[in-house]
Amino acid sequence: MDTVAALSRLLLLVGAAISVATLVVLARPAGGWGRRLRRRLLLGVPWGTLLTVGLVVGFYLFVQGGVDRWYAPVVIPFRAWSYFYPLGMLTAGLAHSGPAHLTGNVLGTLVFGSLAEYAWSHFPTAQGEQSFTAARTNPFVRLFAVPAAAVVLAVLTGAFALGPVVGFSGVVFALAGVAVVRYPVTAVVLLAAGDLVGLVYRSLRTPVIEASGSVGYSTPWWADIAIQGHALGVLAGFLLGIVLFRARDELPSPARVWLGVAAYAVSQGLWAVYLFEGGDSFVLYRAAGLGLVLLLAALVSAAAGASPRALIARIDLSRREAAVGLLACVLLALAVVAVPYNLLIVGDAAPDQGTVEVRDYTVFYAEDVENQYVAAYDLPFYNASNVTTSGVVVASADRQVWWTVVSKGRLAFAGKQRVHLGGPGWRDTVVANRTGWSVVGNRSVYAVRLRHNDTATLAYTSASARAEPTVAERNVTLGVVAGEFTVAVSRNGTRLARVPIPARNTSVSAGGLSVVNRDGSLFVARNGTRVRVAARETYR
């Protein structure tokens, strides 16, 4: 397999080299590409974009601890939990949940940040204006425009995002918005080129994949998108680009802007408008979302191409001002809707027992409890107060945190999940473990333990469950007593005996039945009749 992987990588590199060489030979740039880049960028390099990428990667490595734990960064303290937790608000736009999240946003920044920086230009663009005559014409000052704007946008998208978001994607969408308004066709082409580069990167990392049919646990891909934060970023980029490039008289035709906005918004899933219903359930409003995207394309193209003729002469309002003002109002409304949500004060509501305390964090397991964040506000079409959650919850009154970090379904599928806690300069881990028995004809019986350091805490036990089969008019019920799995035998509603489930490949007598644990399958037997009543849960 190693030989096949190495040959696959070699074939990819050779194919890429021949393909690029063919492009250069056919296009015959003769240095034209480099000259074009150097006319707008110092040495033809998007230095501001590279500085921005360095900032984002550095935050992941040295603040979130990715340099030591590349696949397990500290995320919880850097989310935008509340205005009463400034650290999260200031850092959410720079932090990332893992390597895939970071890589995707870095690639997007390189693609659209470079194009936006090219459109901005390190050199003054006005006719007759010379470099170095003032700070605003100094290329060494102008190259810092992209990282400075990126930091400001990162803070703003975190502060006005709906919910405890994390990630640089709001800034990436803003950079893309600027690029789409100035170079709509190029931006769409680069979007496809970015997908190609991403595929090359993944192929070099994992050149050969072996796969087969299997059962997995996943949520819908669109349920992991911070749709409001993405929309906030791209609207800010559209507005900024229209204002900037109209002042330079560099805006393309409205038709091209419409095409660029529609293509980018659809390809990036801005139509995926959804609501959370509790547990692992979501509702996607696909048709309505696509309609909003098409309206957005119309509004942005109108703002970019509307004439300066008067719309309402009485108040000296032009068509152009009305379109740009309406776009600004949409952006403002999208931001303001998050303010009440981010003013929410969340307590550390937790059960009295079965919790693990790690500094100011409380970790516990609960089922069918009210979601402290989602239930804060009801809407006419969305009864948020009825939204419940089940799983491993992390709470902190100091940080305004109350969040289901591992859902009940995911823990039931995996059996073991790690919860990474921490803050600037420190980190800690709590491990959630589920063990249980699948009862024939009924629900599972299980227990959840939380392990911190060398201490395991019993966090939750499920209700008992009666197996469907009966033997000699006796019923068998599995349960958890003081953290130990038990089997109870009853007849006509009267319990005859209750004993711990025997160890593997042993048996025990209870209520006139023989209870046998054979390789994780639980049987009961009497007078030669044997039936299976439960099996040990297995996890993936």
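The following legends describe close-up views of a predicted model.

**View 1. Strand 14 and its two antiparallel partners.**
Strand 14 spans residues 475-481, and six of its seven residues are buried, so this strand is largely enclosed by the rest of the structure. Strand 13, residues 465-466, runs antiparallel to strand 14 and is joined to it by two bridges. Two residues lie between the strands in the hairpin of strand 14 and strand 15, where A482 takes a positive phi near 55°.

**View 2. The largest nonpolar core.**
The largest nonpolar core contains 71 residues, and F112, F238, V300 and L327 have the most contacts inside it. Helix 8, residues 169-182, gives the most to this core, contributing 10 residues. When neighbours within four places in sequence are left aside, V300 is in contact with V181, F238, I242, V257, V261 and L327. A second, separate core has 23 residues, including A447, L478, V487 and A510. As general background, nonpolar side chains tend to be buried together in soluble globular proteins.

Four strands form an open sheet in the order 5-6-7-8, with antiparallel pairing. Strand 5 (356-358) and strand 8 (401-407) stand at the edges with a single partner strand each, so one side of each is left without a neighbour in the sheet. On average, and with direction ignored, neighbouring strands of this sheet are turned by 40° against each other. Strand 6, residues 361-370, and strand 7, residues 388-396, run antiparallel and are joined by seven bridges. Among the residues involved, A366 has G391 in strand 7 as its bridge partner.

The model holds 11 aromatic pairs. R359 lies over the face of W426, at 4.0 Å from the ring centre.

**View 3. Further aromatic arrangements.**
F112, F173 and Y264 are linked into a cluster by ring pairs. F112 is also one of the residues with the most contacts inside the largest nonpolar core. Elsewhere, R40 lies over the face of Y118, at 5.2 Å from the ring centre.

Most residues other than glycine have a negative phi. S121, which is not a glycine, has a positive phi near 80°. S121 is found in the loop between helix 5 (99-120) and helix 6 (139-142). With a relative accessibility of 2%, below the 20% limit, S121 counts as buried. D368 likewise is not a glycine and has a positive phi, of about 55°. This residue, D368, is found in strand 6. D368 is exposed, because its relative accessible area of 59% is over the 50% limit.

**View 4. The surroundings of Y60.**
Y60 lies in helix 3, residues 47-63. Y60 is buried, with a relative accessible area of 0%. Leaving aside neighbours within four places in sequence, Y60 is in contact with G65, G66, W70, P73, H96, G98, P99 and L102. The C-alpha atoms of Y60 and L10 are separated by 31 Å, and the two residues are 50 residues apart along the chain.

How values were computed:
Residues numbered from 1 in each chain as written. Predicted model: local features only at pLDDT ≥ 70, side-chain atom pairs only at ≥ 80, totals over all residues. Heavy atoms only, no water. Buried < 20%, exposed > 50% of the residue type's maximum accessible area, 1.4 Å probe, protein only. Pairing = 2+ DSSP bridges. Core = buried A, V, L, I, M, F, W, Y, C linked by side-chain atoms within 4.5 Å. Contact = heavy atoms within 4.5 Å. Axes fitted to C-alpha atoms, helices over the stretch in contact; angles between N-to-C directions. Phe/Tyr/Trp six-rings, centres within 6.5 Å; stacked < 30°, edge-to-face > 60°. Lys NZ or Arg CZ within 6 Å of the ring centre and 35° of its normal.
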